[in-house]
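Thanks, everyone, for making the time this morning.

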Amino acid sequence: MTIALAAVVMVACSEDVLEECVSEKNEAAAKSLLQVRTRGTDDATVSYPVQVYVFQGEGSGGSDVECLAVQTIGDAGQTLNIALTEGTYSVYAIGGASSTDYSLPTKEEAATTTAIALKEGKALTDLMTATATATLTDGGTNTVTLGLQRKTMLIQDVTIKKVPSAATAVSVTIAPLWQSLTVGGTYSTTGQSTTIALTKQEDNRTWKNSVSAFLLPPSSQPASVSVNITIDGTTKTYTYSTSDQLEAGYKINISGTYTEAIGVALTGTITGATWLGERTISFTFDENGSSAAAEDNNGGDNNNDNNGGDDNNDNTDNQDNIPAVGETYLGCYVLAVTDGDDHADVLVVSPEDITGVFYGSVAQGNVDAALGSVTVDGISGWEVPDRDEARLIFNARGSISGLTHDSYLCDNGGYKCFRIVAGVNNFSASNTPTSDTALRPVATVTIAKD
């Protein structure tokens, strides 16, 4: 499949859309023309609108580099003409990002690292990105071609069958996911999760999603797919580790069957259709743990978590629903597990750093706001780590995804910084926090044993 943006040389462009987006200091000398328009193929179309950003220089676009042009291609019939001075420019395009759904950076705000943030209450769209370098000569018109790449995956069909008729809610949670894209086309903000609510069908035993959902791919592997079934106010969750199978550019179908004596047996397929190709994965969920099917090369251990009892699924000797230290639980790294007679307390660390929140003299309101910003479905009660918890984070620093900043800990009511950067081999919590110091919250989850 080919999706492309093409810039075509045209001598006369009176019927095209002409927009000059240069700073006043360059306007008098803007004698060269960069022309951009979209083009699709028979089996693929461009996701509109397309936002186009132009920066001075090759491979540039950092926070200290001026963005010279921001323009929008609304449909296949529109052509952009950008007047510029002689020189080399970096051109970036994001397809499928409209101002209705996203907060788009202006020319003054844009850098290649600037996030294209989704507005509250809006759903992700079919996002695509492309980039190229264009060199303009004095008085000339330049032609560039940008090949767009799809950055989302599509959750197309989710069906859970033979669910007990007493169930009041069924959903599927996928984690950890990237949250947004940048102007430069890279992913931004790790460790997010998305829960897809299912709707009960006429047979009273089948639950399905009502609409498809575009999602950004997992921010770290293995990703997890969890099925949540609520009966009498108690939610039971079955989690499967998908290894490397959830990727951008694929359509994903998940089909599951609930068996009262066993639990949930799920099969999933990932098909490319007119996207990237075809791929199939199979996996099972049951009360005794879950594992990949013989033809599945996912590998890895898979765990169920049980947040309540179920008379039809009683297995008091089974403890496979309790994750082990070093594994992931709902996308969060497991730091410690405290075993009890009928439950286990699982200490997990947030899947991402919170930076730029506080430093120096710490205001408690800032701390509370930072803790409240952590959104992991199924986990609440996030706290600043104490000294012992911080030491666990430090000791596991090589295994915890995205742990790149110095971190805070709470020590006798005050906040101190401990170093986790490369080359620091001894735990210390006496450093003075700075604006670069991050908060990596922890939470304790109590999981009942089957």
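This is a predicted model: local features need pLDDT of at least 70, side-chain atom pairs count only at pLDDT 80 or more; totals for chains, interfaces and linings use all residues.

Let me start with strand β15, residues 167-177, where 9 of the 11 residues are buried, so the strand is largely enclosed by the rest of the structure. Buried here means under 20% relative accessible area, with exposed being over 50% and partly exposed in between, using a 1.4 Å probe and protein chains only. Strands are DSSP runs of E of at least two residues, helices are runs of H or I of at least four residues, and both are numbered from the N terminus.

Residues are numbered from 1 along each chain as its sequence is written, and side-chain values use heavy atoms, with hydrogens and water left out.

Which strands pair with β15? One of them is β22, residues 224-231, which pairs with β15 in the antiparallel sense over 8 bridges, and there Val170 has Ile229 as its bridge partner. Another is β18, residues 192-197, again antiparallel, over 5 bridges, with Leu177 bridged to Gln192. Two strands are taken to pair if DSSP finds at least two bridges between them.

Let me turn to an open sheet of 5 strands, whose order is β5-β4-β7-β10-β13 and whose pairing is antiparallel. At its edges stand β5 (67-73) and β13 (149-150), each with a single partner strand, so one side of each is left without a neighbour in the sheet. Within that order, β4 (residues 50-56) and β7 (residues 87-95) run antiparallel and are joined by 7 bridges, and Val54 stands opposite Val91 in β7.

Is Ala448 buried or partly exposed? Ala448, which lies in strand β33, residues 442-448, has 28% relative accessibility and therefore counts as partly exposed. Although Ala448 and Gly340 are 108 residues apart in sequence, their C-alpha atoms are 9.3 Å apart in space.

Finally, the whole chain: it contains 3 helices and 33 strands, and buried residues make up 52% of its 450 residues. If we take contacts, meaning heavy atoms within 4.5 Å, between residues at least 6 apart in sequence, 67% of them join residues at least 24 apart.
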